Amino acid sequence: MANPRAFISFDFDNNEGQKKYFVGQSINSKTPFNIEDWSSKSSLPQNEWEKIIHEKINKCNMLIVLVGKSMFSATGVAKEIAFAKEHNVPVFGVYVDGANSSSTLPSGLTTGRVVAWEWEKIAFAIDQVMKEGKNQ
């Protein structure tokens with residue numbers, strides 16, 4: 001697959017700036033994937049949000065979690081990871097906003113699946129997940 005589709009999961013309250021920066025950098029990087037910014041632009045009723053996000057994640061090859069320092073409070077991120085697992089969509093994370101291996105991770109994501117924000121490491125993680133789950 002030439003350019004796999006990635007869904008970006010992030011803490012809306014604390015890491016929206018890092019998400020915008022990550023998306024912008026990805027456009028100019030040599031990383032072989034497309035990012036679709038499918039985050040909600042407005043508040044939606046919970047059941048409507050869940051239906052929309054389920055559909056969008058199912059259309060992707062991977063879910064990339066931007067792991068910030070306040071990730072423990074991002075309940076939507078944990079739900080997005082659970083939705084990805086339901087659809088057999090592989091998940092990995094990227095540390096942002098000063099987070100590191102001692103930072104609290106959302107449910108469903110382990111430290112072995114999170115990399116530093118270095119495009120070479122991100123490209124390696126993408127190559128790995130393209131051999132997993134629904135991508136096999």
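Let's start with Ser-26, which sits in helix 1, residues 16-28. Helices here are DSSP runs of H or I with at least four residues, strands are E runs of at least two, and both are numbered from the N terminus. This is a predicted model, where local features need pLDDT of at least 70 and side-chain atom pairs count only at pLDDT 80 or more, while totals for chains, interfaces and linings use all residues. Residues are numbered from 1 along each chain as its sequence is written, and side-chain values use heavy atoms, with hydrogens and water left out.

Is Ser-26 buried or exposed? Ser-26 is buried, at 8% relative accessible area. For that label, buried means under 20% relative accessible area, exposed means over 50%, and partly exposed is in between, using a 1.4 Å probe and protein chains only. A polar atom of the Ser-26 side chain lies 2.7 Å from the backbone oxygen of Val-23.

Over to Asn-3, found in the segment before strand 1 (5-10). Asn-3 counts as partly exposed, with 41% relative accessibility. Its C-alpha atom is 4.5 Å from that of Phe-33, although Asn-3 and Phe-33 are 30 residues apart along the chain.

Now for the charged pairs. Side chains of opposite charge can pair when their charged atoms come close. How many salt bridges does a search of the whole structure find? The search finds five, a salt bridge being a side-chain nitrogen of Lys or Arg within 4 Å of a carboxyl oxygen of Asp or Glu.

| Salt bridge | N to O distance |
|---|---|
| Lys-20 and Glu-16 | 4.0 Å |
| Glu-50 and Lys-79 | 3.2 Å |
| Lys-121 and Glu-118 | 3.6 Å |

Take Lys-20 and Glu-16: being four residues apart in helix 1, they are separated by about one helical turn. Lys-20 is exposed at 54% relative accessible area, whereas Glu-16 is partly exposed at 29%.

Which helices hold the partners in the Glu-50 and Lys-79 salt bridge? Glu-50 lies in helix 2 (residues 46-58) and Lys-79 in helix 3 (residues 75-86), so this pair ties together parts that are 29 residues apart in sequence. Glu-50 counts as partly exposed at 24% relative accessibility, and Lys-79 is partly exposed too, with a relative accessible area of 31%.

That leaves Lys-121 and Glu-118. Lys-121 is partly exposed at 39% relative accessible area, and Glu-118 also counts as partly exposed, at 39% relative accessibility.

Conventions
Polar contact = N/O pair within 3.5 Å; in protein donor to acceptor, adjacent residues only side chain to side chain.
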